[in-house]
Amino acid sequence: MTRERTLQRIHSEITSCTKCVLHESRTNAVPGEGPVDAKVIFIGEAPGAREDETGRPFVGRSGKLLRALIKEIGLSEDDVFITSILKSRPPKNRTPHKSEVLACKPYLEKQIEVINPQVIVLVGGVAISNLIGPWKLGDAHGRFYEANGRTYFMSYHPAAALRNPSLKDVMREDFVKLKQELV
Ligand code: SF4
């Protein structure tokens with residue numbers, strides 16, 4: 001089976017998944033989007049209202065900011081795969097429960113395995129703590145971290161930058177560091 005077909009198969013499993021309670025309240029599951037040969041995967045927390053409506057990742061206000069920052073460093077949609085820890089929206093955007101993360105994480109692990117990116121970018125504390133362990137965001141942002149045979153890079157979640165606009169420039173500086181490491 002081609003890598004593309006494998007990724008499609010994972011995504012069709014996600015769209016019909018009932019492994020945790022979130023399937024009861026979602027409109028659409030949101031597997032993620034981008035090419036199977038993406039060199040960077042961006043991972044956020046969970047779909048929000050707009051993502052739930054459309055089935056697409058990072059298409060609400062914070063998604064637009066993330067996509068703009070990606071573009072600013074010269075990466076195109078063909079270079080990146082965008083997804084989140086959870087593939088279904090938690091009601092009222094509450095923080096994911098541990099049991100939901102445990103149920104959903106195997107999908108993300110399979111996506112990472114088949115895409116095999118150069119760098120995995122974790123945006124926000126939920127993505128960081130569930131993939132590589134707890135970090136203080138103030139210490140973590142702008143840093144690369146090697147774990148599980150992979151290279152991770154950490155930054156703020158764009159939703160935080162919408163709440164606190166000064167973080168936009170911090171994210172922008174982080175993303176410049178990311179770009180410098182990409183070959
Ligand atoms: S959040 Fe993940 S595990 Fe839960 S129903 Fe959605 S796809 Fe399945």
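# Close-up views of the predicted model

**View A. R172 sits in helix α8.** Residue numbers start from 1 along each chain, following the sequence as written. R172 is partly exposed, as 15 other C-beta atoms lie within 10 Å. For this label, C-beta atoms are placed from the backbone and counted within 10 Å of the residue's own: 20 or more others make a residue buried, 12 or fewer make it exposed, and counts in between make it partly exposed. Not counting residues up to four places away in sequence, R172 touches L69 and E72, where contact means that the C-beta atoms, placed from the backbone, lie within 7 Å. R172 and I73 are 99 residues apart in sequence, yet 8.6 Å separates them in space, C-alpha to C-alpha.

**View B. K168 also belongs to helix α8.** K168 is partly exposed, with a count of 17 other C-beta atoms within 10 Å. From K168 to G74 there are 94 residues in sequence, and the C-alpha to C-alpha distance is 17 Å.

**View C. Helices α1 and α4 meet along their axes, which come within 10 Å.** Helix α1 covers residues 3-15, helix α4 covers residues 98-115, and their axes cross at roughly 170°. That makes α1 roughly antiparallel to α4. The axes are lines fitted to C-alpha atoms, for helices over the stretch in contact, and angles between N-to-C directions run from 0 to 180 degrees. Angles under 35 degrees count as roughly parallel, over 145 as roughly antiparallel, 65 to 115 as roughly perpendicular, and the rest as oblique. On the α1 side you will find R3, T6, L7, I10 and I14, which meet Y107, K110, Q111 and V114 of α4. Sorted by class, this contact has 5 nonpolar, 2 polar and 2 charged residues. Nonpolar stands for Ala, Val, Leu, Ile, Met, Phe, Trp, Tyr, Cys and Pro, charged for Asp, Glu, Lys and Arg, and polar for the others, Gly among them.

**View D. The ligand is surrounded by 13 residues.** C17, C20, K87, S88 and C104 are the closest. Helix α4 gives the most to this shell, with 3 residues. By class, the shell holds 8 nonpolar, 2 polar and 3 charged residues.

**View E. The largest nonpolar core has 44 residues.** Such a core is a set of buried Ala, Val, Leu, Ile, Met, Phe, Trp, Tyr and Cys residues joined through C-beta atoms within 7 Å. I41, F42, I43, V121 and L122 touch the most other members. Among the elements that give two or more residues to this core are β1 (40-44), β3 (119-123) and α8 (166-181). The largest share, 5 residues, comes from α4. In soluble globular proteins, nonpolar side chains tend to be buried together.

**View F. V121 lies in strand β3.** V121 is buried, with 24 other C-beta atoms within 10 Å. Leaving aside neighbours within four places in sequence, V121 is in contact with V40, I41, F42, I43, F153, S155 and L178. F144 is 23 residues away along the chain, and 8.9 Å separates the C-alpha atoms of V121 and F144. With neighbours within four places again left aside, L122 contacts I43, A127, I128, L131, Y152 and M154.

**View G. K92 has a positive phi of about 55°, although it is not a glycine.** K92 lies in the loop between β2 and α4. This lysine is exposed, with 7 other C-beta atoms within 10 Å. T95 is found in the loop between β2 and α4 too. T95 is exposed, with 11 other C-beta atoms within 10 Å.

**View H. N148 is another residue other than glycine with a positive phi, near 55°.** N148 is placed in the loop between β4 (143-147) and β5. With 10 C-beta neighbours inside 10 Å, N148 counts as exposed.

Terms used:
Predicted model: local features only at pLDDT ≥ 70, side-chain atom pairs only at ≥ 80, totals over all residues. Helix = DSSP H or I, 4+ residues; strand = E, 2+ residues; numbered from the N terminus. Contact = placed C-beta atoms within 7 Å. Near = placed C-beta within 6 Å.
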